[in-house]
Protein chains: 4
Amino acid sequence: MIFEMIKSVGIAHNSYFLGAHGKASVIDPRRDVDIYIDIAEANNFKIEYIFETHRNEDYTIGSLELAELTGAKIFHGSQVDFAYGNPIFDKDKFRLGSLDLEVLETPGHTKESISLVVKDKSVSNDAQMVFVGDTLFAGEVGRVDFFGKSETPHMAQLLYNSIYQKILPLGDQTIIYPSHGAGSVCGADIREQDMTTIGYEKKTNPLLQLSEEEFIQRKVEEKLYTPPYFRQMEINNQKGPKILGGIPYLTPLNAHEVKSEASKGAQIVDVRKPTSFGGGHIPGSINIWREGLGAYAGWFLNYEDPIIIVDDNEQKMDEIKRYLIRLGYDNIYGHLSDGFPSWYMAAMKVENLDMWSVHQLKEAQDNGQDMFLLDVRKLNDHKKKYIKNSHHIWVGDVPLKLNEIQKDQEVIIYCDSGYKSTIAASILQKNGYKSVKSVLGSMGAWLKAKYPVVK
Amino acid sequence: MIFEMIKSVGIAHNSYFLGAHGKASVIDPRRDVDIYIDIAEANNFKIEYIFETHRNEDYTIGSLELAELTGAKIFHGSQVDFAYGNPIFDKDKFRLGSLDLEVLETPGHTKESISLVVKDKSVSNDAQMVFVGDTLFAGEVGRVDFFGKSETPHMAQLLYNSIYQKILPLGDQTIIYPSHGAGSVCGADIREQDMTTIGYEKKTNPLLQLSEEEFIQRKVEEKLYTPPYFRQMEINNQKGPKILGGIPYLTPLNAHEVKSEASKGAQIVDVRKPTSFGGGHIPGSINIWREGLGAYAGWFLNYEDPIIIVDDNEQKMDEIKRYLIRLGYDNIYGHLSDGFPSWYMAAMKVENLDMWSVHQLKEAQDNGQDMFLLDVRKLNDHKKKYIKNSHHIWVGDVPLKLNEIQKDQEVIIYCDSGYKSTIAASILQKNGYKSVKSVLGSMGAWLKAKYPVVK
Amino acid sequence: MIFEMIKSVGIAHNSYFLGAHGKASVIDPRRDVDIYIDIAEANNFKIEYIFETHRNEDYTIGSLELAELTGAKIFHGSQVDFAYGNPIFDKDKFRLGSLDLEVLETPGHTKESISLVVKDKSVSNDAQMVFVGDTLFAGEVGRVDFFGKSETPHMAQLLYNSIYQKILPLGDQTIIYPSHGAGSVCGADIREQDMTTIGYEKKTNPLLQLSEEEFIQRKVEEKLYTPPYFRQMEINNQKGPKILGGIPYLTPLNAHEVKSEASKGAQIVDVRKPTSFGGGHIPGSINIWREGLGAYAGWFLNYEDPIIIVDDNEQKMDEIKRYLIRLGYDNIYGHLSDGFPSWYMAAMKVENLDMWSVHQLKEAQDNGQDMFLLDVRKLNDHKKKYIKNSHHIWVGDVPLKLNEIQKDQEVIIYCDSGYKSTIAASILQKNGYKSVKSVLGSMGAWLKAKYPVVK
Amino acid sequence: MIFEMIKSVGIAHNSYFLGAHGKASVIDPRRDVDIYIDIAEANNFKIEYIFETHRNEDYTIGSLELAELTGAKIFHGSQVDFAYGNPIFDKDKFRLGSLDLEVLETPGHTKESISLVVKDKSVSNDAQMVFVGDTLFAGEVGRVDFFGKSETPHMAQLLYNSIYQKILPLGDQTIIYPSHGAGSVCGADIREQDMTTIGYEKKTNPLLQLSEEEFIQRKVEEKLYTPPYFRQMEINNQKGPKILGGIPYLTPLNAHEVKSEASKGAQIVDVRKPTSFGGGHIPGSINIWREGLGAYAGWFLNYEDPIIIVDDNEQKMDEIKRYLIRLGYDNIYGHLSDGFPSWYMAAMKVENLDMWSVHQLKEAQDNGQDMFLLDVRKLNDHKKKYIKNSHHIWVGDVPLKLNEIQKDQEVIIYCDSGYKSTIAASILQKNGYKSVKSVLGSMGAWLKAKYPVVK
């Protein structure tokens, strides 16, 4: 028997490889499927079943990619009209050696959501583990707001029923494997804990301490951000995305080629750290730090214009490409060869971004310096506490709300740590704002410094 | 937070790396500690605590090795007088970020055995997981026979108490991480399941279905094999083994050097598969297939004479060295350069071993062929079923019971699959037996072929 | 600047990656092109030019595969009507930074053969190095017998002219990079030396010590083996082979599936060492040891029937697949999951092959034992010396010359070391020969043992 | 036969692994010797000989480290009284299979310098290749200024004799393998070319076009920089350095620990790119970009105070540690865990460094802005051309010549590309200079922009 959790950072996504007696299944494969092939080949497993717990919204699923390579069959819930794969239903069973995989229809997060219960029939009829998709997380439950306001109460009710009638009855002993970990946009506040049990969640999950009525009300009132790229993911995952056949090769471009592509509309994404971006960058480029691509690219990049990557020559293009193809960005086009230094070595124009420490911000405030102080954290975080005189726009909404920010003022941006604020700063610079600053450490450092906040 | 189970195959040993907020602990490190360093370095963790759940008998622990490299402190139970490290006691606590590690003294398998409970205090006071060492396994409990017959009932009682008064009260929700998986000699019949929960074990573990009296009686009656190398491991782990500083380099030797060392008493270990050994091998070599070294080397190799490895030039010396240093075999000396072919290319003497299929065995039996049919499986397996007219000697006991096997007869050996039988065959050949055969597939294939067995 | 020689063992093929100032060329890429992509990505090079020194006969070229992935342009000589790429001509130049690549048309091995001279124009007009394809090797020159007997003298003359009028005039200082190293079938007797110089070859290459007349006569008289798969390679390389898009995934098959495919005509290739094959194998399987696939698969495998691999579960399928796709075997189909042990564990029939040591052979001869002693080495090697009473058939010709070997006699086969003899033995067994033996160590060990040979 | 060139970037050092028939030698091993062990193990070679072409000045040699692990013997020239190893003399021979390694004493760069000629006696008595140490390079010869002004003419004469009487007579066909490539401080102007031949150097090496008198005069007049760490390397390499037993583990430190160590005198080395350093850094840290450590650490770091690394969390500590231990920096102590962001997240003080583009510099000059323009390139490069009104101090001399730079003026620093200028800027900031700027792209970009220079 082999069991592996494969984590995709950035989108905080978990997929699973479960095999026994030479036959294996993959649950919710990501699009760069080499890892499943590698596990299978290293352990002599034949991948036979691919399960999708639901039509995912936050990444492009790799089922077709993996099926093409291995001949495995794809299965998913029946309540969505998928253009590929096979519908499965409550109580359907699949067998891997002595393991039984039993299907539970668990709608709520989406209508066709399923869970998969694993029982070792050679041991007992009790559930050993359950793959719950986005139904339940460590300390959280799935969001139910994808079908519009009017449907939300109904979806919340479905979710409640799925949890209480399908999942919890499996028993306290059951280990829960959800599709997402902490940081995912698919749950409001997922705890940092890879695996949990039904018993532990019953005791500790705040949502499971509520009455049915309270539960539904809480879910109906919940306000969550929905990145614009979700629409594309839904299309990809319902129709089945393009098959890549591997990680695409990214053309190295010299500075002149990048400049030329940029002038024709290419999206220049600078994946370096905020300090690097501050020290110098290509005018018009957007800064999304490398490991942040999974979570933030989907807010700012479109699926039409070619995407060009600028890094610091760290030879991490493979990682970068994976982040982007997981989000369906098949329009990745090239990267600045040899990294940002080759831009300035070509005597191209360089733009700077002033990075402020929290101490500089404090001093400026104490001096009564005129500024537009912008908080780009999540609204909920802003509501809890903020630096006085802050305006709030969620970083993902900055491109849409430029009209709220005056161009002739000095704009000082903060977030939780200085990464998202630098994304926002880069967007302002791209839109012609001349006096923009990003605060290193932002609220995190501000609190560490014991500077005052408004609660 | 980062949590990884590190499996050491062969000895079916699990060690664990648990870290949070930059601080990490390692539980029961193996002796080749590079894997813990690698995880720490890749994730920016500082290893601060090393825990030994007990003085292990089946491998040489890597605590001192890891402490030397990282400066971490070592902790273990107080009921053994260790020559290194620090004793800890019931209810002692260690902190990693928001995680609490709480010590439970859980004697039974050994007197100083401890368990470590992990609670996330930012969530609740409920146990998330527990490292139980050899107290409890999936489907099994630890063996209690290490202190002699007279102490066994007492140890069994201690184990019962530890399980019922310390472990089970943690609650059904708790995930159990034992030190061993299926195949370990530290439990009679461990289930193949990496992690389990208290709830699941309460429902399914056969030992936990017994009354206190039955439990103790069962444990007292349990007959388990104890490989001779355990004595050396106990000494190593109580005194602290030699620090290696890395995986030792193994000198490549040519055929003449191997021959010369063999004549001076070196232990020649042929790690190729049974079929390869059958097709030709160095006279006087012992065959233990590569992946079997962890489980079987300790039965046949001593700690004095130099060990020389013969393989098929598969460039897997690193793996082989790891198996052996985990068992404390610091007397590994060299390997036959370019593998077995360099032996026969040097025109050295080659010995063969006839490999029989089960069909040949059946035919021979049907023809009434005179033979000494030897079953080298575990006694319990033999008692369940055997091929008629079989004699039984456990493979590990073959060197001690040669007087039970007549030299002038044809000896046909079988086991579960043909690997252990080939070990036994190699030992007979080394001791001058001329007509020995090993049965490929052995009992496994015999049953597949639907040939009759005595039950 | 970056320069790397990429060796493909088995076919002893060298390809080259040469880059400067961000632009790179690949000379004679093999079909598994990931290595060139990896070098390019790790070093920020854009592959712009792919050169084929000639239409290769001994492997399927990866030009189209690499061009598809990178957008590079393909160039080759003009004297063959390739279905892809661009013809180039004497004195054509390509530039990589300060390096000039100059084309020399150097027919002889084939009609369209070219060489590429590298000069660093920032240093001087002298040649630094030259890629000579199969024109010249360390200690050897290319074979000229591919166009039939009547054309051979003409091709030999062309080769002589190419060497003396194009290559040698580049000057003694020039480093020579040939397409093949020792062991290749593309030259009679290539020396084991990765790179040489014009000066060194002029002094030491036996072919370059001859007069023009002697040179041509020697080449005309030369007798070399031509594996049957060369025909397929010529077709592949002229038309352009199928694009794979990566290393194909190989289905793991269980014993029953292998048996079923075998009964329908699948080619079962056992890639284990001779001793392993001797100890037990699938009836009807051909033994070609893993590293020998590049050199020998092309003699025995066809391009129609599915190929199934049997190994010892060494997890080296990646290597095996590469050997086969380099030879164009797109009909690789699957492999026996978990290796040969899963065959006998399924109680399938097992065949043995007796492996003799040279001492056994000597003793049998001394005893006047009746046998058909078969030497399957190259004819030239046989002519130099052989064991008395040997018959000779080159291993590659064994399938065609079965009528020369009597079925009712004991057949003892030897070669240089025991690998090729085991191939031959497996072919005889497959064809119903019952009493076959392969000699471990063969001529190599025989000579080491100082046993007599006929010269 | 196996031959590999192992390049150590930064110090542009080449070591070599040469093996035949199972026996191997390593020439000038670096201190992190795992690469030689890996090659040996992967290819079944026993390392028997370690040669030092001379007592190296620019790195700590790994001979003792490698000998300790493998049991190989160390050999070097006889004219230095080494505390370890064995002296060898002109015409001494060593054998690896059919290869002869012949010693040539070739003093000049140092007194005990040797070269090693490789001949394949099975082919001819002609030299195939020669390891020349620092006697000769592609386009250059070794420096001769290590023994003081008075000895320089004598050393130059020795070098001339070694080249003309020992090396060149080996013949034009001989491939030359020097100990250094382009960028090394051991030769004035080494060409970028991995391997060359005697014939090519005779035709193109500018030094070999001179008469004996001219050659000596040129060498006597040559002005080369000598980094201060050379003294330590000479001591290390004559006495034999401490044996490490592996790459040391580097403790991860949090921001408070780094601050505390810094206050006690630790050397904080920020290995990020100039732009990153510009966007924010730890006050008092020195910036040497990661890949520049090999070439520049030796100018600025001492061997007593603990060294702490600050990076951008790129998980490249292994690479960094290797750079430093090659230079003998056994005082590496730790690294800022999670990289620079963990500094500002702890609300620590952050310093910025303004990075100017060349356009900003030009504009400032055009506007007549008051500034101290500092060129930190090599003196020779400065003499060739500089930006008007530049002062010159070689970057390595900046710590010694601070008195030449006024603290109250704005200091603008440039070099070739902006890396060395940022080193210099960090040193000024560390010494209390408040208004410092580093020019991105520096002279390289300035010329690309076609801005005027003084020649």
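Me: By a turn of how many degrees can chain A be laid on chain D?
Reply: The model is a predicted one. When chain A is laid on chain D, the RMSD is 0.0 Å and the shift along the axis is 0.0 Å. The two copies are thus related as by a two-fold rotation axis. The turn is 180 degrees.

Me: Which residue of chain A comes closest to that rotation axis?
Reply: The distance is taken at the C-alpha, and the closest approach is 1.8 Å. The residue of chain A at that distance is Ser276(A).

Me: How many residues does the contact take from chain A and from chain D, and what percentage of the interface residues of chain A are also interface residues in chain D?
Reply: Chain A gives 33 residues to the contact and chain D gives 33 residues. The copies meet through the same surface, because the interface residues of chain A are also interface residues in chain D. The share for which this holds is 100%.

Me: What area do chain A and chain D bury between them, and which three residues of chain A supply more of its side than any other three?
Reply: The two chains bury about 2500 Å² between them, with 54% of it on carbon and sulfur atoms. Of the area that chain A buries against chain D, 23% is supplied by three residues. They are Glu314(A), Tyr344(A) and Met345(A).

Me: What area is buried between chain A and chain B, and which residues of chain A lose the most?
Reply: Here 21 residues of chain A are in contact with 21 residues of chain B. The buried area is about 2000 Å², and carbon and sulfur atoms give 57% of that. Three residues together make up 27% of what the chain A side buries. Those that lose the most area to chain B are Met1(A), Gln173(A) and Tyr200(A).

Me: What rotation superposes chain A on chain B?
Reply: The superposition has an RMSD of 0.0 Å, with 0.0 Å of shift along the axis. Both copies use the same surface, since 100% of the contact residues of chain A recur in chain B. The rotation is 180 degrees.

Me: Why are helices H3(D) and H5(D) called oblique to each other?
Reply: Helix H3 (residues 152–167) of chain D packs against helix H5 (residues 212–221) of chain D with the axes 9 Å apart. The angle between them is about 135 degrees. Roughly perpendicular ends at 115 and roughly antiparallel needs over 145, so the rest between them counts as oblique. H3(D) and H5(D) are therefore oblique.

Definitions and conventions: Residues are numbered from 1 along each chain as its sequence is written. Chains are lettered from A and ligands numbered from 1 in the order in which they are written. This is a predicted model: local features need pLDDT of at least 70, side-chain atom pairs count only at pLDDT 80 or more; totals for chains, interfaces and linings use all residues. Side-chain values use heavy atoms; hydrogens and water are left out. Axes are lines fitted to C-alpha atoms, for helices over the stretch in contact, and angles run from 0 to 180 degrees between N-to-C directions. Helices (H or I, at least four residues) and strands (E, at least two) are DSSP runs, numbered from the N terminus. Angles under 35 degrees count as roughly parallel, over 145 as roughly antiparallel, 65 to 115 as roughly perpendicular and the rest as oblique. Copies are superposed by least squares on the C-alpha atoms of residues with pLDDT of at least 70 in both. Contact means heavy atoms within 4.5 Å. Buried area is the accessible area (1.4 Å probe) that two parts lose on being put together, summed over both.
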